[in-house]
Amino acid sequence: MIDDPMQASPIFILMLLLTAMLYSCGGTTKPVEQKQTFLPITIIAEGDGLHSIIEEGTQAEILGSGFAWTEGPLWIEEEEMLLFSEIPANKVHFWKEGSSPKVYLQPAGLTSNENRGGEVGSNGLLLDPYGKLVLCQHGDRRMARMTAELNAPEPVYETIVGEYEGKPLNSPNDAVYDTQGNLYFTDPPYGLEYRMDDPKKAIDFQGVYKLNKDGELQLLLDSITRPNGIALFPDEKQLIIANSDPENPIWYHYSLDGANGLTAGRVFYDASEVASNEAGLPDGLKIKNDGTVIATGPGGIWFFGPSGSLLGRLKLSERVSNVALNKKENLLFATADSYVLRIPLK
């Protein structure tokens, strides 16, 4: 403590005078604005199943925010890196521990100089059997592969498939490989500038396809109105497809019968009741090694047992578009409107 003001430094005296002036004018010190680091989660459990997956009180850690619309999260274990699409901005970003997200690829979905609106960027991201990055490219209306290595990305792509029976695809949305190298993907109209009414829409249905490892493209389904997220169960004998149609917000389950396609289609879960009151629709999903289905949908993130029994939901304030898991399956990454999130699991 300084007993004699004459001994105080000029800087100290100036600080005292400024403080006195502030309070004499009725002012108060303004607190430093803290950057939000978590989004709250409300856990809505059906029985005890969800509590064996996630701790009560868990929050969603914000890894990045301020994006136009995030999608397609993909965890790259070898690089300890998360990739995700920002569709309207035509970019893929990457995130690593201790840093904020940065641009990984641009352009990511529309690579021509065409000046058009709509959701032109990439959507779903995945790795092919050789560890190459594969993108569902809305703008270019194709499934494409980045030719560069993951640790040295360049926006140079080669087409995997872009047509069905000589007609351009709508806009591939989500995809999954099986262990044999067959590629399954959905093709709704969301990447077309005017969607269902786009004059460039060449196929009069929204397909679900299988591109076999020999390059033959097979139409599996043309009956789902808005096929979106797609995932294989660990036995690769069952498939789930999300329908992001507000008139029919349903997850469908199918059995795979080898080369002949899909059989035994049934409703896995109907989310109509919740969708009538909460924002969001069935969208991206992943399936854990034990068969637990983690799906984005109305109100947040849904958890199902392998047979379709509802384990519960994680309710968030933002529309959640897609999810990804790390290798240990103890971290769930989610893209939610303008956010990228990380949620710890048990």
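**Cores, aromatic rings and strand pairing**

Me: Leaving aside its neighbours within four places in sequence, with which residues is F303 in contact?
Reply: This is a predicted model in which local features need pLDDT of at least 70 and side-chain atom pairs count only at pLDDT 80 or more, whereas totals for chains, interfaces and linings use all residues. Residues are numbered from 1 along each chain as its sequence is written, and side-chain values use heavy atoms, with hydrogens and water left out. Contact means heavy atoms within 4.5 Å. With those sequence neighbours set aside, the partners of F303 are L50, I53, T292, V293, I294, S309, L310, L311, G312, L314 and L332.

Me: Which residues have the most contacts inside the largest nonpolar core?
Reply: A nonpolar core is a set of buried Ala, Val, Leu, Ile, Met, Phe, Trp, Tyr and Cys residues joined through side-chain atoms within 4.5 Å. Buried denotes under 20% relative accessible area, exposed over 50%, and partly exposed in between (1.4 Å probe, protein chains only). The largest core has 24 residues, and the most contacts inside it belong to I301, F303, L314, L332 and L341.

Me: Which elements give two or more residues to this core?
Reply: Helices (H or I, at least four residues) and strands (E, at least two) are DSSP runs, numbered from the N terminus. The elements that supply two or more residues to the core are β3 (60-64), β24 (300-304), β25 (310-315), β26 (320-325), β27 (331-336) and β28 (339-344).

Me: How many aromatic pairs are counted?
Reply: Rings of Phe, Tyr and Trp (its six-membered ring) pair if their centres lie within 6.5 Å; planes under 30 degrees apart count as stacked, over 60 as edge-to-face and the rest as tilted. By this rule, the aromatic pairs number 14.

Me: What is the angle between the planes of F67 and F84?
Reply: A pair of aromatic rings is described by the distance of the centres and the angle of the planes. F67 and F84 form an edge-to-face pair at 5.2 Å centre to centre, and the angle between the planes is 75°.

Me: How many residues apart in the chain are F67 and F84?
Reply: The pair links distant parts of the chain, with F67 in the loop between β3 and β4 (70-76) and F84 in strand β5 (residues 81-86). F67 counts as buried at 14% relative accessibility, and F84 is buried at 0%.

Me: Which residue lies over the face of W302?
Reply: W302 belongs to one aromatic cluster with W251, F268, Y269 and F304. A charge sits over a ring if NZ of Lys or CZ of Arg is within 6 Å of the ring centre and within 35 degrees of the ring normal. At 5.2 Å from the ring centre of W302, the residue over its face is R313.

Me: Which residue of β3 is the bridge partner of F38?
Reply: Two strands pair if DSSP finds at least two bridges between them. β3 is mostly covered, with four of its five residues buried. The partner of F38 in β3 is E61.
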